[in-house]
Amino acid sequence: MTPHHDAVRRRIDLDSAEALRLLGSVSLGRIVFTRQALPTVRPVNHVLDGGDIVIRTHEGAALTAHAQEADGAGVVVAYEADVIDPDTHLGWSVVVTGYARLVTDPSELARIQALLRPWIPSEGMDQAVRIRPELVAGVRLAGAGETAPAAG
């Protein structure tokens, strides 16, 4: 039997534009990549830049090394961010799957470094990874009276 409170909650699928807008409204998320053939998750801060997700990293980071070894398209990663109230369980979650590439252009790297301050001590955080979204999935966990946001 389903508890009564479950009946008043709904899951609303979000379109890509709304999902990316929500992702851009927060600064922390989780990057998922493969390390030694196993999934690895790291909390990071991010910024949206031209529709891409950009994170800062350092030379010795596993993701940096993985992105350096990738071919021209990049390495497949997932990125997730959410805001979910711990008491009501209402909010939203967005998952982006795409290709990550190390930023190598010095002027682009300098621009990103000015745009995005690391959430941990920034010493050595002189690398950046750009994630180009290929698949964007977002859901809003809503109460019974809430509706999906208007498109556009």
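**Close-up views of strands and hairpins**

**View 1. The hairpin of β3 and β4.** In this hairpin, 2 residues lie between the strands, and Gly50 takes a positive phi near 60°. The model is predicted; local features need pLDDT of at least 70, side-chain atom pairs count only at pLDDT 80 or more, and totals for chains, interfaces and linings use all residues. Residues are numbered from 1 along each chain as its sequence is written, and side-chain values use heavy atoms, leaving out hydrogens and water. Strand β3 and strand β4 (residues 52-57) run antiparallel, joined by 4 bridges. Leu48 has Ile53 of β4 as its bridge partner.

View 2. Strand β2 covers residues 28-35 and strand β3 covers residues 38-49. They pair in the antiparallel sense over 8 bridges (to pair, two strands need at least two bridges found by DSSP). Ile31 has Arg42 of β3 as its bridge partner. Again, 2 residues separate the strands of the hairpin. Here, Gln36 takes a positive phi near 50°.

**View 3. Strand β4 under cover.** In β4, 6 of 6 residues are buried (under 20% relative accessible area; exposed is over 50% and partly exposed in between, with a 1.4 Å probe and protein chains only). Both faces are covered. Asp52, Val54 and Arg56 are buried on one side. Ile53, Ile55 and Thr57 are buried on the other.

**View 4. β4 meets β7.** Strand β7 spans residues 127-143. β4 and β7 pair in the antiparallel sense over 5 bridges. Arg56 has Ala128 of β7 as its bridge partner. The side of β4 that holds Arg56 also holds Asp52 and Val54.

**View 5. The whole chain.** The protein chain has 4 helices and 7 strands (DSSP runs numbered from the N terminus: H or I of at least four residues for helices, E of at least two for strands). Along the sequence, their pattern is α-β-α-β-β-β-α-β-β-α-β. Of 152 residues, 38% count as buried. Take contacts (heavy atoms within 4.5 Å) between residues at least 6 apart in sequence: 70% join residues at least 24 apart.

**View 6. Confidence along the chain.** The mean pLDDT (the predictor's confidence in each residue, from 0 to 100) is 85 for the protein chain. Of the residues, 81% score at least 70. Confidence is lowest in helix α1 (residues 4-7), with a mean of 48. Confidence is highest in helix α2 (residues 16-24), at 96.
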